[in-house]
Amino acid sequence: MKDVLDEMTKDDLVAWIRSQHFYQPKLSDVLYIRWQRQSAEVLEEMQKESRAFDAVDFKERDRLAARFNESKDPEEKLRLLELMQPYGKAVQDHIKRSQALYRKGKRVDALYEQIDVERQKESRRRSA
């Protein structure tokens with residue numbers, strides 16, 4: 001069963017909210033909802049990235065590295081290095097994605113700080 005809000009367009013929602021004279025949302029309310037949604041998205045993305053990185057079989061890479069260290073044959077060493085390359089790329093890609101998620105998380109944190117600023121402004125307006 002779909003929620004009636006899912007059936008509403010953006011224009012429907014805006015018109016409905018504006019018609020509710022007993023309650024007008026404050027900017028801090030909107031920012032809080034936005035922060036809540038975005039922080040959940042960042043957390044989900046971080047968990048997904050963690051699961052993807054955990055799926056990489058580094059034991060195989062370690063076995064290849066041990067064979068590389070034991071080998072005296074330059075061609076065999078080159079072949080083993082080529083086999084290990086995807087593991088290095090997986091680590092580099094993971095670091096890039098993790099750094100991007102960290103930056104995204106910092107933007108979400110800044111949004112939370114903005115909520116406090118707006119609440120203070122709203123509190124001053126009410127008491128004035």
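**Aromatic pairs and their surroundings**

Phe58 and Tyr87 are both buried in this predicted model. Four aromatic pairs occur in the structure. One of them joins Tyr32 and Trp35, whose ring centres are 5.5 Å apart. The planes of these two rings meet at 40°, so the pair is classed as tilted. Tyr32 and Trp35 share helix α3, which spans residues 27–54. Three residues separate them, about one turn of the helix.

The pair of Phe58 and Tyr87 is also an aromatic one, and its geometry is tilted. Its ring centres lie 6.2 Å apart, with 55° between the planes. Phe58 belongs to helix α4 (residues 58–70), whereas Tyr87 belongs to helix α5 (residues 74–127). The pair therefore ties together parts that are 29 residues apart in sequence.

Tyr32 and Trp35 also take part in a cluster. Together with Tyr112, they form one aromatic cluster. Tyr112 is located in helix α5, while Tyr32 and Trp35 lie in helix α3. Tyr32 is partly exposed, at a relative accessible area of 30%. Tyr112 is likewise partly exposed, with 35% relative accessibility. Tyr32 and Tyr112 contribute to a nonpolar surface patch along with Ile33. The accessible area of these three residues together is about 280 Å².

Phe68 provides a further aromatic site, in helix α4. Lys77 lies over the face of the Phe68 ring, 4.1 Å from its centre. Lys77 is also among the contacts of Phe68, beside Leu80, Leu81 and Met84. This list leaves aside neighbours within four places in sequence. Leu80 is twelve residues from Phe68 along the chain, yet their C-alpha atoms are separated by 6.1 Å.

Glu49 is found in helix α3. Its relative accessible area is 9%, and Glu49 is therefore buried; the cut-off for this class is under 20%. Glu49 touches His94, Arg97, Ser98 and Leu101, with residues up to four places away in sequence not counted.

Conventions
Residues are numbered from 1 along each chain as its sequence is written. This is a predicted model: local features need pLDDT of at least 70, side-chain atom pairs count only at pLDDT 80 or more; totals for chains, interfaces and linings use all residues. Side-chain values use heavy atoms; hydrogens and water are left out. Rings of Phe, Tyr and Trp (its six-membered ring) pair if their centres lie within 6.5 Å; planes under 30 degrees apart count as stacked, over 60 as edge-to-face and the rest as tilted. Helices (H or I, at least four residues) and strands (E, at least two) are DSSP runs, numbered from the N terminus. Buried means under 20% relative accessible area, exposed over 50%, partly exposed in between (1.4 Å probe, protein chains only). A charge sits over a ring if NZ of Lys or CZ of Arg is within 6 Å of the ring centre and within 35 degrees of the ring normal. Patches are made of residues with over 30% relative accessible area and no salt bridge: like charges are joined within 9 Å, nonpolar side chains (Val, Leu, Ile, Met, Phe, Trp, Tyr) within 5 Å. Accessible areas come from the Shrake-Rupley method with a 1.4 Å probe; for residues, only the protein chains shown count as cover. A salt bridge is a side-chain nitrogen of Lys or Arg within 4 Å of a carboxyl oxygen of Asp or Glu. Contact means heavy atoms within 4.5 Å.
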